[in-house]
Amino acid sequence: MANEYNTEEEVLGKAYDSKLMKRLLTYIKPYRKYVFFAIFLNIIVAALGPLRPYLTEIAVDKYIAKSDYNGLLLIGVLLLTSLLLQAFIQYFLTYYTQYLGQKTIFDLREQLFTHTQKLALRFFDKTPIGRIVTRVTNDIESLNDLFSSGIVMIFSDVFIILWILAFMFFMDVKLSLVTLSVLPVLIYGTFLFRRKVRESYRDVRMHLARLNSYMQEHITGMNIVQIFHKQKDEREKFYRINSDYRSSWIKAVFYYAIFYPGVELISSIAIGLIIWYGGGETIRSSLTIGILFAFLQYTEMFFRPIRDLSEKYNIMQTAMASSERIFKLLDNKTFISNPENPVIPGRLKGEIEFRNVWFAYNEEEYVLKDISFKINPGETVAIVGATGAGKTSLINILTRFYDIQKGSILVDGIDIRAMDKKELRKYISTVLQDVFLFSGTIRSNISMDNDDIPEEKIISSAKLVGAHKFIDSLPKKYDEIVMERGATLSVGQKQLISFARALAYDPQILILDEATSSVDTETEILIQKAIEKLLVGRTAIVIAHRLSTIQNADKIIVMHKGEIRETGNHQELLANRGIYYKLYQLQYKDQEVIRVS
Ligand code: DCP
Ligand code: MG
């Protein structure tokens with residue numbers, strides 16, 4: 001996966017792709033008023049700079065030469081006005097372009113997040129988290145550059161160059177041609193620079209992606225690193241990744257260090273040419289001193305937009321690559337389909353039936369094979385089996401986290417694919433094997449921020465599963481802050497909270513994927529009691545590891561390598577002397593002895 005991750009970041013294509021651009025522009029559409037306004041301001045402000053050397057020319061040739069104080073004053077006022085106007089417009093421009101950029105990427109971020117939420121779990125099994133996060137952060141950020149400075153500022157640079165050329169040729173054609181004679185060198189140099197910088201930036205990005213994914217994995221697995229004393233090895237690995245990243249930056253900076261002085265040098269040569277040729281012409285009186293002055297100023301002005309344009313090229317290119325990746329994610333249609341006219345079951349009895357169900361995560365690699373069973377309303381069914389037998393998969397398909405390949409699953413006689421996904425999941429509460437708590441408060445983790453669940457319900461659920469006692473002993477009780485992944489709570493406490501969460505929703509069908517991790521005896525008993533209370537009056541499927549849960553079940557399904565091997569209650573299965581009997585012998589017998597004693 002790591003390699004695939006990197007290759008996707010490495011791709012850097014064209015700076016302009018009309019199809020991508022068209023699609024990007026749809027995001028600006030709601031704000032096109034701002035775009036046109038910004039472009040309009042750009043044209044004006046682009047003219048103001050080049051206007052000043054022209055005014056200088058008039059001042060020198062018309063008024064200073066003829067000692068006209070009033071005229072000189074007028075030019076002075078005009079110069080000042082143009083400067084103030086420019087500052088004022090620049091302020092608007094900066095504000096509006098950033099406003100535009102932020103608005104558009106806000107919309108895009110929303111769209112991307114909403115889209116990601118709709119994707120099926122199948123997608124997340126195959127996509128590294130880091131990659132999705134990069135789409136919503138880095139990639140979107142590079143579009144901000146495009147939307148704010150890119151699109152609008154390209155106009156500004158082009159217009160400045162056009163205005164300068166217009167003024168220059170209007171004043172003196174020959175001198176203009178002499179000044180512009182350095183242009184081919186400049187264009188060639190810029191072209192070369194752009195190519196080199198593009199390559200080195202690609203390196204920078206690739207090494208950054210590596211650094212990020214390394215850091216992410218390392219921090220997540222910090223406890224394992226510390227347990228196995230792998231700090232030194234990991235430090236060395238990090239050192240290599242870090243120095244690669246540094247070297248790629250230094251290389252990129254190197255090209256800048258050559259390019260910028262290079263542009264200065266070329267512009268100095270242009271100035272030299274103006275003084276040499278223009279100065280000669282002035283002495284021969286075929287050129288005025290004012291024009292010479294103006295040209296010297298234009299030369300200084302001319303090179304900045306050209307240099308900036310090459311930077312805009314980079315912005316465009318990065319933005320194109322980013323948008324391609326973003327659109328690829330937006331175009332991903334790994335959805336769990338919803339029926340057009342869903343069947344509304346009304347009040348559910350809670351009958352569940354699997355009919356010859358076949359299911360595979362990957363094509364044709366069946367994890368569940370020809371599964372058939374029926375659970376009557378109110379019954380508790382325990383599922384047992386070795387690790388990897390397909391127990392979790394069985395419940396994953398019941399809530400349509402994944403769709404099955406063959407057969408059908410019926411709830412109250414209705415195929416679950418004919419029901420609305422949201423409705424279906426409302427009837428079924430699932431307590432997952434790995435408890436997941438969100439950062440927030442204990443209260444918000446129980447109610448899942450659902451305002452329909454009143455405070456009393458939250459507390460009574462917590463009381464019923466036996467979580468209230470420890471929550472009540474916390475300094476802030478139900479308002480106690482839960483850190484990311486619930487890191488500040490014990491495994492047993494997290495489990496009790498997840499039980500309270502399932503109960504608060506008061507589901508007709510309850511699914512419990514018991515965690516295998518062992519907790520202390522007191523918590524064990526607490527959890528056991530909590531489970532018993534959870535099961536009352538509902539249809540339940542329990543993937544059970546605890547002896548008493550299994551013994552009290554109405555029916556036990558024994559799974560082995562994706563197939564149902566045995567069904568029956570505890571006594572029947574023991575009498576059968578099959579897999580269940582062996583499992584019981586291996587795992588549960590000792591426990592029973594300990595418990596009984
Ligand atoms: N599997 C997969 N892709 C997933 C999840 C599981 O390919 N996203 C595979 C791994 C196993 C098989 O499916 O070979 C069955 O996995 P289950 O999670 O259903 O196994 P159990 O829940 O029975 O195992 P455990 O008791 O360890 O929880
Ligand atoms: Mg499991």
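Guide: Strands count as paired if DSSP finds at least two bridges between them. The model is predicted: local features need pLDDT of at least 70, side-chain atom pairs pLDDT 80 or more, while totals for chains, interfaces and linings use all residues. Residues are numbered from 1 along each chain, chains are lettered from A and ligands numbered from 1 as written, and side-chain values use heavy atoms, without hydrogens or water.

Visitor: Which residue takes a positive phi in the hairpin of strand 11 and strand 12?
Guide: Strand 11 (residues 555–560) and strand 12 (residues 563–568) run antiparallel, joined by five bridges. Val558 stands opposite Glu566. Two residues lie between the strands, and the one with phi near 50° is Lys561.

Visitor: At what angle do the axes of helix 8 and helix 11 cross?
Guide: Helix 8 (residues 183–220) passes helix 11 (residues 289–330) in a right-handed crossing. The contact (heavy atoms within 4.5 Å) includes Phe193 and Arg198 of helix 8 and Phe303 and Tyr313 of helix 11. Its residues divide into eight nonpolar, five polar and three charged. The axes come within 10 Å and cross at roughly 35°.

Notes:
Helices (H or I, at least four residues) and strands (E, at least two) are DSSP runs, numbered from the N terminus. Axes are lines fitted to C-alpha atoms, for helices over the stretch in contact, and angles run from 0 to 180 degrees between N-to-C directions. A crossing is left-handed if the near helix is turned anticlockwise from the far one by less than a right angle, and right-handed if clockwise. Ala, Val, Leu, Ile, Met, Phe, Trp, Tyr, Cys and Pro count as nonpolar, Asp, Glu, Lys and Arg as charged, and the others, Gly among them, as polar.
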